[in-house]
Amino acid sequence: MVYGAGLVIGGFTFPDLPDARTAWSEGLASLRFDLPRAFAGDGSAFGAPPAVAAEALWTVAVARAVARAAGAAFPSDADAAFARGARWLERIAGEIGPLPPVGDAPPAPVLEAEAPIAWSLWNLARAWGLADGEPAPGADADPRLAWLGVRAPGGTPEPAPKTWAMWQFREGGDAVAAMRVKNRPSRVVASFGPASEIGRAHV
């Protein structure tokens, strides 16, 4: 997935190179195949902890922005998988923002910015018209959207649940529960899928 995104970025960024067209064409074809295989129908990542999946999706987001700027169509299957993965990450991040260290890999740093990466990816999916739903917080001041020349999506962030709300991602073996405790956001993330050999939870 990251390799395909790199071909797209390189091919469109240096169009005068002899193999530029071949590079971006192969990159788009790779993303059409790889992205749906990386994210299940419910959006959960197959075999990747949330932070690693977020880093890969951000690279795909840059590739999509570069392709669109060059007038090339991004594969619809890849778009759909991007939206699913962004929603999964946004649910895991919740109102708190930073992704928890769920899975065997530690959280991966993704371009330092004030906005959490999961919020940026979900707001990108909405701004590009790939997904419906409320925006994540901070869309108006998200530097990643500005870097990609994307206008912040309209709408009001989803209110925090007054009682426990739960989202299950059965294909990846993840469950997220959230509520406010003493007016502060609280979140529990449990992962029993391929991203970890044993079940792990994060509060």
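# Helix packing in a predicted chain

Among contacts between residues at least 6 apart in sequence, 58% join residues at least 24 apart. The model is predicted. The secondary structure of the chain comes to 6 helices and 4 strands, and from the N terminus on the order of elements is α-α-α-α-α-α-β-β-β-β. This briefing covers the packing of the helices and then some single residues.

**Chain totals**

- The chain has 203 residues, and 48% of them are buried.

- The buried residues of H5 are Ile 117, Ala 118, Trp 119, Ser 120, Leu 121, Trp 122, Asn 123, Leu 124, Ala 125 and Arg 126.
- These buried residues pack against H3, H4 and helix H6 (143-147).
- Just after H5 comes Gly 129, with a positive phi of about 75 degrees.

**H3 against H5**

- Helix H3 (residues 50-69) and helix H5 (residues 117-127) have axes that come within 10 Å and cross at roughly 40 degrees.
- That angle makes H3 oblique to H5.
- The crossing of H3 with H5 is left-handed.
- On the H3 side the contact involves Ala 54, Leu 57, Trp 58 and Ala 61, and on the H5 side Ile 117, Leu 121 and Leu 124.
- By class, the contact of H3 with H5 has 7 nonpolar residues, no polar and no charged ones.

**H4 against H5**

- H4 and H5 pack at an angle of about 140 degrees, and their axes are 8 Å apart.
- H4 is therefore oblique to H5; angles have to be over 145 degrees to count as roughly antiparallel.
- H4 and H5 cross in a left-handed sense.
- H4 contributes Phe 82, Ala 83, Ala 86, Arg 87, Leu 89, Glu 90 and Ala 93 to the contact, while H5 contributes Ala 118, Trp 119, Leu 121, Trp 122 and Ala 125.
- The residues of the contact of H4 with H5 divide into 10 nonpolar, no polar and 2 charged.
- Leu 121 of H5 takes part in the contact with H3 and also in the contact with H4.

**H2 against H4**

- The axes of helix H2 (residues 20-38) and helix H4 (residues 76-93) come within 8 Å, crossing at roughly 30 degrees.
- H2 and H4 are therefore roughly parallel to each other, since angles under 35 degrees count as such.
- The crossing of H2 and H4 is left-handed.
- Leu 31, Arg 32, Leu 35 and Pro 36 of H2 meet Asp 77, Ala 78, Ala 81, Phe 82 and Arg 84 of H4.
- This contact of H2 with H4 has 6 nonpolar, no polar and 3 charged residues.
- Phe 82 of H4 belongs to the contact with H2 and to the contact with H5.

**Leu 89 in H4**

- Leu 89 lies in helix H4 and counts as buried, at 0% relative accessibility.
- Leaving aside neighbours within four places in sequence, Leu 89 is in contact with Pro 50, Ala 53, Ala 54, Leu 57, Leu 99, Ala 118 and Leu 121.
- Among these partners, Ala 54 and Leu 57 are also H3 residues in the contact with H5.
- The C-alpha atoms of Leu 89 and Ala 53 are separated by 8.4 Å, with the two residues 36 apart along the chain.

**Arg 64 in H3**

- Arg 64 is in helix H3.
- With a relative accessible area of 6%, Arg 64 is buried; the cut-off for that class is under 20%.
- Not counting residues up to four places away in sequence, Arg 64 touches Phe 74, Asp 79, Trp 128 and Leu 130.

**Val 189 in S3**

- Val 189 lies in strand S3 (residues 184-191).
- The relative accessibility of Val 189 is 1%, so this residue counts as buried.
- Val 189 and Pro 100 are 89 residues apart along the chain, and their C-alpha atoms are separated by 7.9 Å.

Conventions. Residues numbered from 1 in each chain as written. Predicted model: local features only at pLDDT ≥ 70, side-chain atom pairs only at ≥ 80, totals over all residues. Heavy atoms only, no water. Axes fitted to C-alpha atoms, helices over the stretch in contact; angles between N-to-C directions. Helix = DSSP H or I, 4+ residues; strand = E, 2+ residues; numbered from the N terminus. Parallel < 35°, antiparallel > 145°, perpendicular 65-115°, else oblique. Left-handed = near helix turned anticlockwise from the far one by under 90°. Contact = heavy atoms within 4.5 Å. Nonpolar A, V, L, I, M, F, W, Y, C, P; charged D, E, K, R; others polar. Buried < 20%, exposed > 50% of the residue type's maximum accessible area, 1.4 Å probe, protein only.
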